[in-house]
Amino acid sequence: MKLLQIKMYKRINYIAAILVLVGGLSAQAQVTTSSPYSRYGLGNIKGSLLPQLRAMGGISTAVNKVSGFNYINMQNPASYAGISLTTIDIGMSASVNNLSRGSLSENTFNATFSHLAFAAPVGRKSALSFGILPYSDLGYAYRNTVKIDTTSVDQLYEGEGGLSKAYFGYGYRFGDHLRIGANLEYIFGNLQTTRSTEYSNTIVGAYNAKLQNKNSVGGLAYSYGIQYDFNVGKKTLVTLGYSGSTSGKVNSSQTFFATRYLRDANGNEQTALDTLSRIDKGKSNLTLPLTHNFGIAIQQNDKWMIGADFRMSKWSQTTINNVSQGLQDSWGASLGGQWTPDAYSYNSYMKRVDYRLGFNYDKTYIQVNNQNIKQMGASLGFGFPLPSANGGTAFYKINFTTEVGQRGTLNNNLVKEQYINFHLGFTLNDTWFRKYRVD
């Protein structure tokens with residue numbers, strides 16, 4: 001009897017529908033933040049971490065699989081080699097920030113689409129992955145008042161925009177223990193900053209001045225990774241990992257305007273009186289830093305994992321249009337883990353839940369008034385399994401993470417940020433693209 005080969009066309013169309021839907025959302029939504037520290041460099045760097053990794057403090061370099069469930073770890077593309085099922089991960093994030101300086105305090109809230117990632121095995125030893133996620137966020141607005149002779153002058157600083165990252169990666173396993181991988185990344189987006197100087201309307205003949213600068217970024221970058229694991233005893237597995245990214249220039253175009261304007265009696269800004277200087281879409285470039293990540297993870301499959309990461313980046317070499325941004329090299333560390341009481345329990349749902357905890361500390365690339373800006377936080381997360389489908393070949397999980405932390409300090413008249421971040425992700429594992437044979 002002839003063999004009938006059934007290809008999964010419907011599921012391929014389902015992937016296309018998801019990509020079109022999320023592509024439309026990402027095109028309309030803007031990644032937002034409310035942080036005066038996003039003024040420096042490229043903004044607040046987001047990191048290539050899905051909610052399940054953020055819940056463990058951000059450990060990722062040596063993370064492959066904690067259980068039979070597949071996760072996408074684009075922070076180290078070597079991990080793709082361990083993916084055995086078609087995997088889709090989609091999510092969103094929200095943040096509540098409190099900004100304080102002296103006796104002043106302000107609360108803000110932001111929410112946005114966070115990521116779409118896809119991965120599928122190519123063979124028994126390799127897999128590919130692609131997706132899109134934020135690279136950095138830029139968003140701030142604040143005012144300083146200074147004295148020029150006896151006149152008070154307001155200095156206004158505003159910024160908005162951010163960068164996104166689309167990637168395509170591949171991972172391959174050599175033998176039973178060694179995995180390598182690489183990502184080709186496209187960094188794109190807009191960074192727009194405005195600086196204004198405003199005088200009192202009572203000063204005759206005084207005009208306000210504004211400098212607007214916009215960088216439209218679009219270019220290629222590369223990242224890579226390696227993982228090696230070995231057994232300690234019968235049940236314990238140790239994984240060592242390294243990942244990094246190259247230092248290179250990304251193309252951009254710069255638009256610059258210097259204008260004069262007035263405000264009306266109600267405080268509204270009027271149309272610019274004239275343009276003092278203009279650069280329209282001038283060719284520019286942006287230099288990304290060289291980064292290194294080192295990690296170790298110890299785990300007992302389907303039960304628990306603990307790990308630690310150390311990271312460092314050469315932000316001091318970052319330039320925009322060949323101009324140094326005055327940044328410093330950064331470094332950070334993470335510690336975290338996951339525990340699943342009984343991944344296969346039929347009697348208790350809570351025993352099948354993944355419980356995650358983590359901590360992180362970073363010396364960022366920012367230094368203000370000779371004060372290093374540091375960031376520290378703790379995270380707690382859960383992985384909630386959903387009922388399987390398609391005869392037990394499709395598996396689903398909802399991952400929820402809460403991060404609590406702070407950045408900056410009140411010393412030297414600086415701003416302290418205290419934040420609560422929420423991350424929600426939906427992960428699908430299924431046997432897509434496999435050929436089924438029926439007699």
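1. W331 is partly exposed in this predicted model, with a relative accessibility of 36%. The ring of W331 is stacked with that of F310, because the two planes stand at 25°, with the centres 6.2 Å apart; planes under 30 degrees apart count as stacked. F310 is likewise partly exposed, at 36% relative accessibility. The pair links distant parts of the chain: F310 belongs to strand 13 (residues 304–313) and W331 to strand 16 (residues 330–339), 21 residues apart.

2. The whole structure contains 17 aromatic pairs. One of them joins Y172 and F174 in an edge-to-face arrangement, with 4.9 Å from centre to centre and 70° between the planes. Y172 is partly exposed at a relative accessible area of 31%, and F174 is partly exposed at 40%.

3. A single aromatic cluster is formed by W339, Y355, F382 and F384.

4. E198 is located in strand 7 (residues 178–198). With a relative accessible area of 8%, E198 is buried, because the cut-off for that class is under 20%. Leaving aside residues up to four places away in sequence, E198 touches R143, V153, D154, L156, N208, Y261 and R263. With one of these, Y261, E198 makes a polar contact between side chains, at 2.7 Å.

5. Y261 also takes part in a contact of another kind: the charged end of K210 sits over the Y261 ring, 5.0 Å from its centre. An arrangement of this kind involves F69, over whose ring the charged end of K397 sits, 4.6 Å from the ring centre.

How values were computed
Residues numbered from 1 in each chain as written. Predicted model: local features only at pLDDT ≥ 70, side-chain atom pairs only at ≥ 80, totals over all residues. Heavy atoms only, no water. Helix = DSSP H or I, 4+ residues; strand = E, 2+ residues; numbered from the N terminus. Buried < 20%, exposed > 50% of the residue type's maximum accessible area, 1.4 Å probe, protein only. Polar contact = N/O pair within 3.5 Å; in protein donor to acceptor, adjacent residues only side chain to side chain. Contact = heavy atoms within 4.5 Å. Phe/Tyr/Trp six-rings, centres within 6.5 Å; stacked < 30°, edge-to-face > 60°. Lys NZ or Arg CZ within 6 Å of the ring centre and 35° of its normal.
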